[in-house]
Amino acid sequence: MPATVMNTTRNATAAPAVSVTGLRKSYGDKTVLDGIDLHIPAGSIFALLGPNGAGKTTTVQILSTLVSADADSGRVRVAGHDLATDPQAIRAAIGVTGQFSAVDGLITGEENMLLMADLHHLSKKEGRRVAAELLERFDLTDAAKKPASTYSGGMKRRLDIAMTLVGDPRIIFLDEPTTGLDPRSRHTMWGIIRELVRDGVTVLLTTQYLEEADELADRIAVLNNGRIAAEGTAEELKRIVPGGHVRLRFTDPDAYRSAASALQVATRDDEALSLSIPSDGSQRELRAILDRLDAAGIEADELTVHTPDLDDVFFALTDTTGTVPAQTQENAR
Ligand SMILES: Nc1ncnc2c1ncn2[C@@H]1O[C@H](COP(=O)(O)OP(=O)(O)OP(=O)(O)O)[C@@H](O)[C@H]1O
C-alpha cells in the first residue's frame, strides 16, 4: 500500500490535469509499471522520483502518447481526454521535453523555433513573433542566429523548453530537466519551471535529484519497482520515515535535569544540556511535549524540530528488496 497523504497544496480543488488509475506496462515478461495511480491537480508541479530503471520515463512516455500501455491497463486521462480513445486531443494539449533533446544542432536557435512554429501551423508572421518572444523570455536572443550545436547544455535545455511552448501547452512533461546542468543553470531552470506554473501550466517532471523535488514540487510520488511507494508533499513524505525528533536546549542545568525527568523518553546530552525526543514533528506531538514541560513549570531556551530529509525518504522507500520497511508503513497510516 503506498503512503498517501491528504492534498493541502494550491489548486487542490481544480480538476486534475492528469488522472491515472491502475496503469500497467510490461516489456516481454518484465513488468515495468505494476498498476500505478496518479492524480495531478491542474496548475501544480508534480515530481516523479525514483532510482534508475524505476519506470519514470516509461510513465512519461505513456502519458504523452509516445508508448502504449498494456491492453489490460487501467484508465488514463490527460487534460480531460481519455488516452485510449482520444490520444490526438492529448497531443494537442501537452508539451514534452525528454532526456534527449529535440533541438537540431545543425540549425540556429531561431530556425529551431521557426520549425516548431511551422509544425504548429502558425502563419509566418505569427511564427516569427512567437519565436522572438520566447527567445527573449529564455534569454536566447543574443544566441538566436548561432547554430544550436554551439550552445551550452543549459542553453540547449532552455531552447528545448522554448520550442515546447510554441504550441502553448497546458500540461508539460519534463523528463529529467536538469540532469547534467551546473548549479547555476539548474537554478535558472527551476525559475523557468516555477514561472510556467505561475502562468497556469501543469508540470510533471521526473528527477533523480531529491533536492529538485524538494525545491519545486507541490507533490511527489516515489516510484520503485513499478509501483508508487509513497505520495505526498515533501514535508509529508519526510514525516513517514523514522528519524524525526524534537531537540530542546537549556542554559540552566536545573531546568535541564527537571526536563529530563519530566520527559522520560528523551535522549540526554549532559554536556550540551540538550534533550532529544523522538517525534514525527506533528502539532499533536509538539503539544504533548510542551504540555509536559508546562506541567513541570519548565521553559526550554530553544526548541527545534528535526524531520528526516528526502534522502532518508528515498533510501527508506527504494531499498533494494523493493519493500517499504515495516516501521515506515506503520508511520504512514
Ligand atoms: N523499449 C523498451 N524495451 C524493453 N525494456 C524497456 C524499454 N524501455 C524501458 N525498458 C525497461 O523498463 C524499465 C524502466 O525504464 P525507465 O526508462 O522507464 O526507467 P527510469 O525510471 O526512467 O530510469 P532512469 O532514471 O535510468 O532514466 C527499465 O528496466 C528499462 O530497461
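Student: In this predicted model, which residue in the hairpin of β10 and β11 takes a positive phi?
Tutor: Asn225 does, with a phi near 50 degrees. The hairpin has two residues between its strands.

Student: How do you know that β10 and β11 pair?
Tutor: Two strands pair if there are at least two bridges between them. Five bridges join β10 (residues 219-224) to β11 (residues 227-232), so the pair meets the cut-off. The two strands run antiparallel.

Student: What strand pairs with β10 in the parallel sense?
Tutor: That is β4 (residues 45-49), over four bridges. Phe46 stands opposite Arg219 in β10.

Student: Why is β10 called largely enclosed?
Tutor: A residue counts as buried if 20 or more other C-beta atoms lie within 10 Å of its own. Six of the six residues of β10 are buried, so the rest of the structure largely encloses the strand. Both faces are covered. Arg219, Ala221 and Leu223 are buried on one side, and Ile220, Val222 and Asn224 on the other.

Student: How much of the chain is buried?
Tutor: Buried residues make up 41% of its 333 residues.

Student: Is Arg198 buried or exposed, and what makes it so?
Tutor: Arg198 has 9, so it is exposed. Find Arg198 in helix α6 (residues 183-198). The C-alpha atoms of Arg198 and Gly43 are separated by 7.7 Å, though these residues are 155 apart along the chain.

Student: Why is α5 called roughly parallel to α6?
Tutor: The axes of α5 (residues 153-165) and α6 cross at roughly 15 degrees and come within 10 Å. Angles under 35 degrees count as roughly parallel, so α5 is roughly parallel to α6.

Student: Which residues make the contact between α5 and α6?
Tutor: From α5 come Gly153, Gly154, Arg157, Arg158 and Ile161. From α6 come Ser185, Thr188, Met189 and Ile192. The crossing is right-handed.

Student: What makes α3 roughly parallel to α5?
Tutor: Helix α3 (residues 109-119) packs on α5 at an angle of about 25 degrees, with the axes 9 Å apart. The cut-off is under 35 degrees, so α3 is roughly parallel to α5. This crossing is right-handed. Gly109, Asn112, Met113 and Met116 in α3 meet Leu159, Ala162 and Met163 in α5.

Student: How do you know that β2 pairs with β3?
Tutor: Count bridges again. The cut-off is at least two, and nine bridges join β2 (residues 16-27) to β3 (residues 30-41). So β2 and β3 pair, and they run antiparallel. Ser19 stands opposite His39 in β3. The two strands form a hairpin with two residues between them, and Gly28 in the turn has a positive phi of about 60 degrees.

Student: Which strands form the open sheet with β2 and β3, and in what order?
Tutor: The order is β3-β2-β5-β6, with antiparallel pairing.

Student: Why are β3 and β6 said to stand at the edges?
Tutor: Each has a single partner strand, so one side of each is left without a neighbour in the sheet. Further in, four bridges join β2 to β5 (residues 75-78). Val20 stands opposite Val76 in β5. Two bridges join β5 and β6, so this pair just meets the cut-off of at least two. Val78 stands opposite His81 in β6.

Student: Which domains does the assignment give?
Tutor: Domain 1 is 3-103 + 151-239, and domain 2 is 245-306. Their C-alpha centres lie 42 Å apart.

Definitions and conventions:
Residues numbered from 1 in each chain as written. Predicted model: local features only at pLDDT ≥ 70, side-chain atom pairs only at ≥ 80, totals over all residues. Buried ≥ 20, exposed ≤ 12 C-beta atoms within 10 Å, placed from the backbone. Domains from an automatic or database assignment. Axes fitted to C-alpha atoms, helices over the stretch in contact; angles between N-to-C directions. Parallel < 35°, antiparallel > 145°, perpendicular 65-115°, else oblique. Left-handed = near helix turned anticlockwise from the far one by under 90°. Contact = placed C-beta atoms within 7 Å.
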